[in-house]
Amino acid sequence: MPAVGNSVARKDGIGKATGAAKYADDITFPGMLFGRTIRSTIPRGRIRSIRFDFDTAGFTIVDYRDVPATNAVDLMAQDQPFLVETEVRHMAEPILLLAHEDREKLNAASVEIDYDEEEPLFDPERSTQVFKSIDIVKGNVSAAIENADVIVEGTYRTGHQEHIYIEPNGVIAVPEDGGITIHGSVQCPFYVIKALRCLLGSAHPNVRVIQTETGGGFGGKEEYPSMIAGHAVMLAIKSGRPVKIIYDRVEDMVATTKRHPAIVRHRTGLTRDGRLVAMDIDVLMDGGAYVTLSPTVLSRGCIHAAGPYRCDDIRIQGRTVFTNTPPNGAFRGFGAPQTEFAVEVHMDRIAEQLGIDPVELRRINALRPGDRTATGQTLRDDCSAHMVLEEAIKRTDFSRKRKEYKGTNRTIGLALFYHGAGFTGAGERNLKSKARLELTPTGVRIATGSTEIGQGTRTMHAQIVTDALGIPYEDVEVAQPDTSKVADSGPTVASRTCMVVGKILEECAHEMKEKLGGLTPAEYYKRSGPFTVERMYEPPDWIQWDDKTYLGDAYATYGWGCDVVELELDPDTYEVRPLKVTAVQEFGRPIHPALARGQIEGGTAQGMGYALLERVVMRNGVMANSTLTNYTIPTTLDMPEMDIVMLENPYPGGPFGAKGLGELPMDGPAPAVVNALRHMGLDIREIPATPELIANCVARA
Amino acid sequence: MRFMLNGAVKEVATHPAARLIDVLREECGLTGTKEGCGEGECGACTVLIDGEPVCSCIIPVAQVADAEVTTVEGLNGEHPLQKLFMDEVGAQCGICTPGMIMAALSLGPAPTLDEVRTALAGNLCRCTGYSAIYRAVMKWRGMTAGDTPGSAVVA
């Protein structure tokens with residue numbers, strides 16, 4: 001029986017279920033101190049003075065003057081300091097670090113900071129400081145819109161979303177062997193290495209990052225752990241002792257990144273019978289106070305902004321701007337959930353205005369193989385928009401229910417969506433990710449920097465190697481990411497861990513198989529000793545991308561989805577009760593069906609929270625509802641039954657036909673929910689659709 | 001102060017107001033009990049006190065004097081639910097899993113799906129959307145796939 005395509009036993013072992021798996025906070029080192037971050041309490045201004053209202057004996061105290069080399073988190077720009085020097089740009093910005101062996105004394109230490117406050121800017125529409133702008137032009141949208149029979153316009157808004165990985169951020173920095181080792185809850189160990197090299201310079205060349213078992217990430221542990229690691233390292237260098245920094249939930253919610261809020265405007269021209277002839281789209285994203293990953297979030301958001309539809313004349317203008325709030329960052333979907341929410345709600349408004357059935361409108365316009373996307377990419381046979389749409393309609397009896405529910409408290413809606421897999425454009429070529437296979441006395445070991453954060457990396461990679469090498473699954477082991485021992489396979493982000501890193505591993509396995517010459521790994525090892533195979537990713541040679549014009553093959557392939565949501569509205573409280581979600585998704589081929597299903601179910605749940613529950617209330621530039629009591633994510637009682645359909649349409653460039661999957665499920669639920677509400681006559685154009693929002697909508701009507 | 005911990009008598013000398021979770025993790029070295037929020041909202045720290053699931057992050061240790069405390073370590077890795085959580089992918093990242101398992105232990109012999117949902121309503125999971133957790137629990141209780149929520153096909 002092949003491993004690929006079967007739900008084989010997971011490589012995680014039983015530790016997660018017995019409590020034996022070690023997360024960052026479960027680990028201690030002799031002589032370890034606890035670290036704490038002192039943060040700004042104003043959104044904008046300058047530090048005037050700092051006063052310690054405690055006995056500093058026994059404390060290690062670090063400020064910006066302790067930075068060994070460069071006081072900047074090295075990401076896309078080097079603009080965000082590890083520690084504020086004088087200028088404060090947002091609430092909860094790190095200013096000082098304290099460490100002590102006694103946590104009670106540490107937490108009791110009081111630091112008074114006086115500021116010269118300045119007027120903060122919170123409204124992205126008023127911001128003139130643009131981190132990145134994008135202009136995608138296909139055809140001539142102004143001419144096309146003049147010739148359209150009908151023009152439909154609309155503005156759509158999405159708020160912040162907080163990741164709520166159940167394990168808050170945490171790292172431990174340990175000085176050892178003339179260097180420093182970081183043990184931490186991280187998605188991207190080599191991002192941390194890059195940031196630490198910049199922070200530490202040549203004085204501390206020996207840094208190493210070991211990923212601890214990680215209690216969820218969702219993008220939230222992509223870039224921010226570099227900041228925390230830098231803090232722990234500076235305290236460890238100054239004290240000469242191991243330092244652990246674990247955020248509590250409030251600190252994690254207040255200080256770390258969130259999904260970018262977005263305002264998306266559509267002006268769309270159509271023929272009277274519902275064919276899209278012009279799409280003019282404007283995307284504005286609130287980047288917060290530093291660049292972090294905003295340019296690439298904007299990029300993915302813009303590329304997906306026209307939805308899975310064909311139209312010859314498209315213009316997409318996007319910008320991400322500065323505000324005085326904590327920086328926003330990576331979150332599952334990475335800009336696409338915002339813009340796909342907008343286009344899918346807009347499509348249902350178009351259907352309403354033209355008097356066309358929303359399914360029919362999508363049938364007329366959905367992309368097919370041979371069609372060109374907004375960036376001019378000609379889609380290949382692995383385009384499945386119509387396949388997922390038709391399956392979802394049939395499986396849910398959509399059209400009948402749509403009629404039957406009209407005028408009741410029950411309703412049904414859908415969204416059609418797609419998600420590019422891997423880094424955008426030339427990203428994968430520039431990244432040059434590598435993967436390594438090592439021959440061991442009993443089999444092979446996978447040695448990559450790709451992290452297991454719950455999604456099944458270990459298992460899925462082992463399945464690919466098993467079948468490509470033709471050895472028993474039990475003979476494949478997976479190394480815990482340790483930057484001193486594994487190949488840099490690039491970050492664990494962008495739905496690339498299966499499709500891209502899995503592909504390199506497949507090729508490593510083929511090369512290894514050839515070298516084994518018919519022997520088993522154990523036989524070869526006994527005869528000739530160990531060897532390793534390391535290979536670099538080669539994207540498909542047909543990929544053409546121009547970063548200046550934003551034209552070309554944005555992604556090697558796309559996953560496709562159609563979500564149908566049925567729900568009930570309480571006529572008195574305006575609470576929405578979801579009854580059923582049907583998620584039909586095509587992502588090449590599932591390597592491990594049970595894990596793949598888990599990705600769809602979990603991503604759909606996160607999307608339902610985004611749609612209905614998860615409202616970040618910002619007050620004076622900081623999250624005011626920064627506890628799980630008043631920022632609510634879906635519980636067992638909020639999640640309805642889910643029907644998951646995994647359609648196959650193999651992508652020839654992926655391992656065993658697989659595409660990326662992790663982010664796709666995040667794109668569909670929010671527009672499907674809002675489109676269902678629209679079918680009840682509720683003109684909602686923003687999320688989350690809380691009872692308060694619905695009540696206002698009813699009052700307006 | 002003395003209480004029963006996973007079947008054995010435990011004496012601790014901490015402040016009576018110390019949080020039970022800290023006593024378990026730091027004094028007793030049982031790190032299987034996880035902290036997700038510190039305010040009794042996420043359930044990651046669920047342990048059984050005299051058989052009842054409780055959030056150990058909001059319980060002062062004084063409250064368990066002479067009581068029987070069971071943590072995930074008390075299951076000795078032998079409870080069928082533990083393997084089922086892995087096999088059915090009820091555990092993804094795993095941080096909520098020990099608390100989720102402890103909460104599920106309070107269920108009766110043949111729970112309905114609604115009873116399972118209610119029993120686990122105080123335990124947050126951000127990875128699974130809960131369906132796989134129901135599948136693990138229902139299977140443990142000998143229910144067939146037909147009783148479990150949702151469905152999936154690969155076509």
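**Entry 1: β10 and β11 of chain A.** I looked up how strand β10 (residues 179-184) of chain A pairs with β11(A), and found 5 bridges joining the two, which run parallel. Strands here are DSSP runs of E with at least two residues, helices are runs of H or I with at least four residues, and both are numbered from the N terminus. Two strands count as paired if DSSP finds at least two bridges between them. In this pair, A:Gly184 stands opposite A:Gln211. From β10(A) I followed the chain through helix α4 (residues 189-200) to β11(A), a β-α-β crossover that is right-handed. Right-handed means that, with the strands pointing away from the viewer, the path from the first strand over the helix to the second runs clockwise.

I then checked burial: 4 of the 5 residues of β11 (residues 207-211) of chain A are buried, so the strand is largely enclosed by the rest of the structure. A residue is buried with 20 or more other C-beta atoms within 10 Å of its own, exposed with 12 or fewer, and partly exposed in between, with C-beta atoms placed from the backbone.

**Note on the model.** This is a predicted model, in which local features need pLDDT of at least 70, side-chain atom pairs count only at pLDDT 80 or more, and totals for chains, interfaces and linings use all residues. Residues are numbered from 1 along each chain as its sequence is written, while chains are lettered from A and ligands numbered from 1 in the order in which they are written.

**Entry 2: chains A and B.** I looked up the contact between the chains, which takes 50 residues from chain A and 44 residues from chain B. Contact means C-beta atoms, placed from the backbone, within 7 Å. On the chain B side, α2 (80-87), α3 (97-104), α5 (131-140) and β6 (151-154) each supply at least two residues.

**Entry 3: A:Gly274.** I located A:Gly274 in the loop between β13 (262-270) and β14 (276-288) of chain A. A:Gly274 is buried, with 20 other C-beta atoms within 10 Å. Leaving aside neighbours within four places in sequence, I found A:Gly274 in contact with A:Leu354, A:Ile356, A:Leu361 and A:Ile364. I also noted A:Glu360, 86 residues apart from A:Gly274 along the chain, with 8.7 Å between their C-alpha atoms.

Note on methods. Contact = placed C-beta atoms within 7 Å.
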